[in-house]
Amino acid sequence: MLRDITLGQYYQTESVIHRLDPRVKLGGTLLYIISLFFFHNFLGYGVAAIFLAVVIRLSHVPFRFMVKGMKAILFLLLITVGFNLFLTPGTVLVSFWKLTITKEGVRLAVTMAIRLAMLIIGSSIMTLTTTPNNLTDGMEKMMKPLKTFHVPVHEVAMMMSIALRFIPILLEETDKIMKAQIARGADFESGNLIKRARALVPLLVPLFISAFRRANDLAMAMEARCYRGGEGRTKMKPLIYHRRDKIGYLCILIYLALGFFIGRL
C-alpha cells in the first residue's frame, strides 16, 4: 500500500509537459482543481476528464502508475461516498434498517467520487512531471507579490518543496521498518481495524527518529553550503517563459471557457 502512493514522486521521462515552466503547471493545476467544484452536470466532468486524459497522454507517464496512487486514498473515497450516499435527504430509492438511499444521494456520491479521483490524479501530474528544484522556483515566483506584506516567500516555498520531497522518502523508510519488524515476528495484517491500528503504533518511534535524523542531516548540509535564506540569492537557471508555455496557458484558458460553458448549463 505504501509503495502505491505517488504524491511527491518525480517520474523521469521526456515529454512536453515535463519541459513546461513550473509556473504553468502550478497555475494550471490550481485552476483545474477549482474548476472541478463549479461544474453542475456530468458534461462538465466529461470535459475535465478529456482534458486530463490529453495531459496524461502528453506527459508520457503511464496511466497505470498514476492509478496506483488511488489505492492509498481508497478508504477515504469510500467514506466520502458512503456519507453522501446515506446521509443526503431527498427522493427515497431504497430503504433498509436505518439507512436510506436517495436519488440526490446517489448523484452527490458519484459526483464526489469523480471529483476526488480527478483532483488526486490532476495533482499527481504536477509532482510527477516537475523536479523539486523547479517546483520550489515556481512557487517562489508565483508567491513573489506576497513579499509586499513581508511574507518570507522563499522560505515558505522551500518548506513546501522539502515536505513534498520527504513524502516518498518517509514512505520508503516506513516500508523498510515494517519489513524489519515482520521479519522479527510482527503482524500487521490479521485482526480487525482497531488491532491493525494498534499494531502500527510501534512503527512511530523509529519513524520519528529517522525523520528527525534526516531533518538534522539536511539542516547541517544546508548550513555547510552557507544557506541563509532567499535574500541576495541568484538563480543558476532562471525561469523564462517560452512559446510552449504560452501555448500551455492558452490551452488552460480554452479548457476553462469550454468547461464553464458546458458545466454550468
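Predicted model: local features only at pLDDT ≥ 70, side-chain atom pairs only at ≥ 80, totals over all residues.
Residues are numbered from 1 along each chain as its sequence is written, and side-chain values use heavy atoms, with hydrogens and water left out.

Let's begin with H2. Helices here are DSSP runs of H or I with at least four residues, strands are runs of E with at least two, and both are numbered from the N terminus.

How many of the residues of H2 are buried? The count is 11 of 15, so mostly covered. Buried means under 20% relative accessible area, exposed means over 50%, and partly exposed is in between, with a 1.4 Å probe and protein chains only. Among the buried ones in H2 are Pro-22, Val-24, Leu-26, Tyr-32 and Leu-36. They pack against helices H1, H3, H6, H7 and H11, where contact means heavy atoms within 4.5 Å.

Now look at the start of H2. A side-chain oxygen of Asp-21 comes within 2.8 Å of the backbone nitrogen of Arg-23. For polar contacts, we take pairs of N or O atoms within 3.5 Å; within protein, one must be able to donate a hydrogen and the other to accept it, and residues adjacent in sequence count only if both atoms are side-chain atoms.

Next, the loop between H2 and H3, which is where you'll find Asn-41. Is Asn-41 buried or exposed? It's buried, because its relative accessible area is 13%. A polar atom of the Asn-41 side chain lies 3.1 Å from the backbone nitrogen of Leu-43, and a polar atom of that side chain is also 2.9 Å from the backbone nitrogen of Gly-44.

On to the packing. In soluble globular proteins, nonpolar side chains tend to be buried together. The largest nonpolar core here has 28 residues, and those with the most contacts inside it are Tyr-32, Leu-36, Ala-48, Leu-52, Met-66 and Tyr-255. H2, H3, H4, H6 and H11 each supply at least two residues of this core, with the largest share, seven residues, coming from H6. By a nonpolar core we mean a set of buried Ala, Val, Leu, Ile, Met, Phe, Trp, Tyr and Cys residues joined through side-chain atoms within 4.5 Å.

If you click on Tyr-255 and ignore neighbours within four places in sequence, its contacts include Tyr-32, Phe-39, Ala-48 and Phe-51. Apart from that core lies another, of seven residues, including Met-139, Met-143, Val-153 and Ala-157.

Two histidines to flag. His-60 has a positive phi, near 60°, despite not being glycine, and sits in the loop between H3 and H4. His-150 also has a positive phi, about 60°, in the loop between H7 and H8. His-150 is exposed, because its relative accessible area is 73%.

Last stop, H10. This helix has 24 residues and reaches 36 Å from first C-alpha to last, close to the expected 34 Å. Its buried residues are Leu-203, Leu-207 and Ser-210, and what covers them includes H8.

Definitions and conventions. Expected span 1.5 Å × (residues − 1).
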